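Please read the following briefing alongside the sequence and the coordinates.

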Amino acid sequence: MAGRGPGSGIPGLRIGAALLLTVSLSACGGGKAARTESLEALTAEEIYRKGEMELETARRAGDSLMYFQEVERLYPYSEFARRALIMQAFVNHKTKKYEEARAAAQRFLDFYPDDEDAPYAAYLMALSYYDQIEDVGRDQGLTFQALVSLRDVIERYPDSEYSTSAIMKFDLAFDHLAAKEMEIGRYYLKRRHYTAALNRFRTVVQDYQTTTHTAEALYRLIESYLALGFEAEAQTAGAILGYNYQSSPFYQDGYNLLKGKGLSPEVKGDSWLSKAYRQMVRGEWL
């Protein structure tokens, strides 16, 4: 042992480990290359069926994606390339790779706009936005994009099997935006920034009147207008609340607020609320 410095045997071990790692990596890379090369000997349908089998049996849905990509790469003008492209959109969406799902769906719509699967591609595009909608407290940019894409499905493919689901999700996304406006409005109201709060509640009443938040928005308008001393507007908001939402607990709360000031729900003046009330009476509210 004399004459051997500390750790003198380690370099040999390092070289051996490095060689082993290199061989292992080469084997892995070679395996993938070999698998890709083996697919080139198969027909488009055979590769596509392998992708379907992988999707049905593999623990990870994403493992099937390579097969569908290879179909499109090796046989770009085949019928199975078309089917593989829509499957890429599906698999990417299923594995929550939403940008990739949108890209594949958009390519399908660009290449096959009149195909029978075009409605499904458009629906997947909309879902890739819809499924990313965050909670009310965050930026709602994706909600707007989801609404645009869902409306596209509804308008372009009204008779498709995806239209009903798109309508339902559109209403939910629309309600989501109204909830965001209400959250901001309540934030301003709590801090007595009444004008800023009014703008948010007015937006809900004017632009989101079909959502579940309209009754509360009208009640908050009563609160805000009374705080600013605009009694006529507060009374008119109360009249609209009573006309459309008399069974809502917000109506009773609004009525009590007005009564506490010696007021009653009735149309007064010629404000935007008065015009809205007249439209409702004539059946032109929606």
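A contact here means heavy atoms within 4.5 Å, and helices (H or I, at least four residues) and strands (E, at least two) are DSSP runs numbered from the N terminus. The model is predicted, so that local features need pLDDT of at least 70 and side-chain atom pairs count only at pLDDT 80 or more, while totals for chains, interfaces and linings use all residues. Residues are numbered from 1 along each chain as its sequence is written, and side-chain values use heavy atoms, with hydrogens and water left out.

**Overall make-up**

- The protein holds 13 helices and 0 strands, and its elements, taken from the N terminus on, run α-α-α-α-α-α-α-α-α-α-α-α-α.
- Of its 286 residues, 41% count as buried, where buried means under 20% relative accessible area, exposed means over 50%, and partly exposed lies in between (1.4 Å probe, protein chains only).
- The protein exposes about 16400 Å², of which carbon and sulfur atoms supply 52%; accessible areas come from the Shrake-Rupley method with a 1.4 Å probe, and for residues only the protein chains shown count as cover.
- Among the contacts in the protein with a separation of 6 or more, 60% come from residues 24 or more positions apart.

**Helices H4 and H5**

- Helix H4 (residues 79-94) packs against helix H5 (residues 98-111) at an angle of about 155°, their axes being 7 Å apart; axes are lines fitted to C-alpha atoms, for helices over the stretch in contact, and angles run from 0 to 180 degrees between N-to-C directions.
- That angle makes H4 roughly antiparallel to H5, on a scale where angles under 35 degrees count as roughly parallel, over 145 as roughly antiparallel, 65 to 115 as roughly perpendicular and the rest as oblique.
- The crossing of H4 and H5 is left-handed, a term used if the near helix is turned anticlockwise from the far one by less than a right angle, with right-handed used if clockwise.
- From H4, Arg-82, Leu-85, Ile-86, Gln-88, Ala-89, Asn-92 and His-93 meet Tyr-98, Glu-100, Ala-101, Ala-104, Ala-105, Arg-107, Phe-108 and Phe-111 of H5.
- The residues of this contact of H4 with H5 divide into 9 nonpolar, 3 polar and 3 charged, where Ala, Val, Leu, Ile, Met, Phe, Trp, Tyr, Cys and Pro count as nonpolar, Asp, Glu, Lys and Arg as charged, and the others, Gly among them, as polar.

**Helices H10 and H12**

- The axes of helix H10 (residues 214-228) and helix H12 (residues 249-260) come within 9 Å and cross at roughly 15°, and H10 and H12 are therefore roughly parallel to each other.
- The crossing of H10 and H12 is left-handed, and the contact joins Ala-215, Glu-216, Tyr-219, Ile-222, Glu-223 and Leu-226 of H10 to Phe-250, Asp-253, Gly-254, Leu-257 and Leu-258 of H12.
- In the contact of H10 with H12, the residues divide into 7 nonpolar, 1 polar and 3 charged.

- Helix H3 (residues 65-74) is mostly covered, with 7 of its 10 residues buried, namely Leu-65, Met-66, Tyr-67, Phe-68, Glu-70, Val-71 and Glu-72.
- Glu-54, which lies in helix H2 (residues 44-57), counts as partly exposed at 23% relative accessibility.
- Leaving aside residues up to four places away in sequence, Glu-54 touches Asp-63, Ser-64 and Tyr-67; the C-alpha atoms of Glu-54 and Tyr-67, 13 residues apart along the chain, are separated by 8.7 Å.
- Gln-235, found in helix H11 (residues 231-245), is buried, with a relative accessible area of 5%.
- With residues up to four places away in sequence not counted, Gln-235 touches Leu-258, Leu-263, Ser-264, Pro-265, Glu-266 and Lys-268.
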